[in-house]
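Visitor: I am new to this one. Please walk me through it, one feature at a time.

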Amino acid sequence: MPTVRTPLLASIALAACAPTPVSAPSRPVAHAPPTTAAAPATPARFTPPPPGERVLVLWTASVQGYVEPCGCTADPLGGVARLAAAVHEARAAYGARLVLLDGGDLLFERAGDSGAADRCQAEARADLLVGTLGRLGLAATTLGPLDEVRGPAFRDARLARAGIPTVGVGLPRALGDGARTSTRMLVDAGGVPVGVTGFTVERAAEVPTARAALAQEVQALVREGARAVVALAQAPRALTRDLTRGLPGLDAVLQGRAPGELPMAPEALRDEDGVGPVLLAAGMQAQHLGALELVLEGRAPGAVLALDDGAERVRARRHLLEVKAASLRSAIGSEPDPARRAFLDVRRATVQRELDELEARAADHASPAGPHLRAWSLPLPRGSAEEATAQAALAAYQASVPALVARCEAEAPCPEVAPGSARYVGVAACAACHAAALAFWSSQAVVRPSKDAQGNVVQRTVGHARAWDTLVAEGKDKDRSCVPCHAVGFGEPGGPCKTTDVVPGGFGGVQCESCHGPGSAHVATALKEHIVRAPTEARCRACHVVPHIATSESFVFEDRRRLILGPGHGLPLGMERAP
């Protein structure tokens, strides 16, 4: 692991104040080497670089507490075991010239993870994630809103225990005991000093002050000998652009607050003189691992690094097209109407032609000869190598989930139902009047191509009525991060609030009320105004959202809606499919 050198890094035991910036020269700080473990054999994703001054920065952003991928997509990406194996592989290629960073929003997925019922499981996930990254040698992170969910004492204790410092300007001012924080740091990457700083900005009014502070830190790092400077950005992407465009001395900005679920092609934030950093985004939830190679041999002081982005632009476009092609193939396979099948196949052929053209462009790409930076994103799909140590820790966490959930659910009150509001009643209450719709719902299924745990292509049968059975088969029926989208009304007023309530109450599966809302008033009166008759796309996207789908674009509302319309459910009796 690289030795961390920082002018500011120290254990700061302050209850409610920010660290005072210091401009003293850097001093080496002893840092324990990461625990390493051999990863299974896999095709090489990193190759030893040629001789010269080259550094590889690997980074994550908006991990949001994810330690394993959601299993809902055809090829679920991410997970700490795959991430750890990739880091080991990179370290085997680059040795000490590897720097591992994180852009913040690391610990939790949503603000609701502080709720009494969710707390035990969410904290165990955060412990597993931070412990793994600390063991891998994470040099620094910065702080985002999702790191504040359980408060500064929880956050700082976990980071300090793992030996992970925070870095940046404008960080939250409340620091817990043992917090290790700085406004900048130097990382000695095998004899090549790399400067790291960052910033946290929420509003446009904060940009001028934050830019001035960031410029000071960047210039201080350059004076202290940094051969390259990287900033971790915890801000909306538009504010990141405004804050860093044309900033001299800054080479790369790692967007810590994900602007979207997919990695984005590098964006040069140059001014009219060609000065400024490159903005990088590696997606979210550690589905991809960001990679930045700094080629510094022969770099003159103050020289701007050329951007080598051709290969990454091809990769990003290829991934998007592959997702589109897979979605179209799936739609063609489940479409009974010949005319629409032909239309979809024309679209699929157009996508395939562009994919073929991209392969030719990628083969012709050549990197710049002089000092430059190259960025790309490494997907972590099923079938990737997994580190044994992280696998074992993940398995232990998974085994502990039922007991963790039971402990916190026992202490948590259920949401109160407002007087006069409807409650969830379950699908059985709908059967008396909607027998045909219930029969269609029970039998409705779609066969989708998927991948098993080893990465082999398999066919998977899915459907709303099968949603709970899917969780049971995967051993996830006590996992509170999964249950809400596989049971009706879970956690909502008038619905089941504990995982043990789902089956006894008849709430398992994506049922009528998942789309049409709580039905007790409608059941009691049969009045149509007491039910949501035409659910909107927004209601569907409460669950059909990344990571439960591959991309936002892969969920086409009208196409999916047609799959769940049938006799007595949006169609007249006797009509089997929507026209």
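Guide: Start with handedness: a helix crossing is left-handed if the near helix is turned anticlockwise from the far one by less than a right angle, and right-handed if clockwise. This is a predicted model, in which local features need pLDDT of at least 70 and side-chain atom pairs count only at pLDDT 80 or more, while totals for chains, interfaces and linings use all residues. Residues are numbered from 1 along each chain as its sequence is written, and side-chain values use heavy atoms, with hydrogens and water left out.

Visitor: Which hand does the crossing of α2 and α3 have?

Guide: The crossing of α2 and α3 is right-handed. Helix α2 covers residues 119-136 and helix α3 covers residues 151-162. Their axes come within 8 Å and cross at roughly 35°. Axes are lines fitted to C-alpha atoms, for helices over the stretch in contact, and angles run from 0 to 180 degrees between N-to-C directions. Helices (H or I, at least four residues) and strands (E, at least two) are DSSP runs, numbered from the N terminus.

Visitor: Which residues of α2 and α3 meet?

Guide: Contact means heavy atoms within 4.5 Å. From α2 come E123, A126, D127, V130 and G134. They meet F154, R158, L159, R161 and A162 of α3. The residues of this contact divide into 5 nonpolar, 1 polar and 4 charged. Here Ala, Val, Leu, Ile, Met, Phe, Trp, Tyr, Cys and Pro count as nonpolar, Asp, Glu, Lys and Arg as charged, and the others, Gly among them, as polar.

Visitor: Now the whole protein. How many helices and strands does it have?

Guide: The secondary structure comes to 14 helices and 20 strands. The protein has 579 residues, and 48% of them count as buried. Buried means under 20% relative accessible area, exposed over 50%, and partly exposed in between (1.4 Å probe, protein chains only). Take contacts between residues at least 6 apart in sequence: 72% join residues at least 24 apart.

Visitor: How do I read a sheet?

Guide: Strands of a sheet pair through backbone hydrogen bonds, either parallel or antiparallel. Two strands pair if DSSP finds at least two bridges between them. In this model, 6 strands form an open sheet in the order β5-β4-β3-β14-β16-β15, with mixed pairing. The edge strands are β5 (138-140) and β15 (306-308), and each pairs on one side only. Neighbouring strands of this sheet are turned by 30° against each other on average, direction ignored.

Visitor: How many bridges join β14 to β16?

Guide: There are 8 bridges between β14 and β16 (residues 372-379), and the two run antiparallel. In that pairing, R374 of β16 stands opposite E293. Strand β3 (residues 54-60) also pairs with β14 in the antiparallel sense, over 6 bridges. There, L56 has E293 as its bridge partner, and L58 stands opposite A291.

Visitor: Is L56 buried or exposed?

Guide: L56 is buried, with a relative accessible area of 0%. Not counting residues up to four places away in sequence, L56 touches several others, including F46, Y94, L292 and W376. L56 and L294 are 238 residues apart in sequence, yet 6.3 Å apart in space, C-alpha to C-alpha.

Visitor: What should I look for in a helix such as α10?

Guide: An α-helix has 3.6 residues a turn, so residues three or four places apart point the same way. In α10 (residues 467-474), A467, W468 and L471 are buried. They cover an arc of only 100° around the axis, which puts them on the same side of α10. That arc is taken from the directions from the helix axis to the C-beta atoms. D469 and A473, on the other side, are exposed. Just after α10, G475 takes a positive phi of about 70°.
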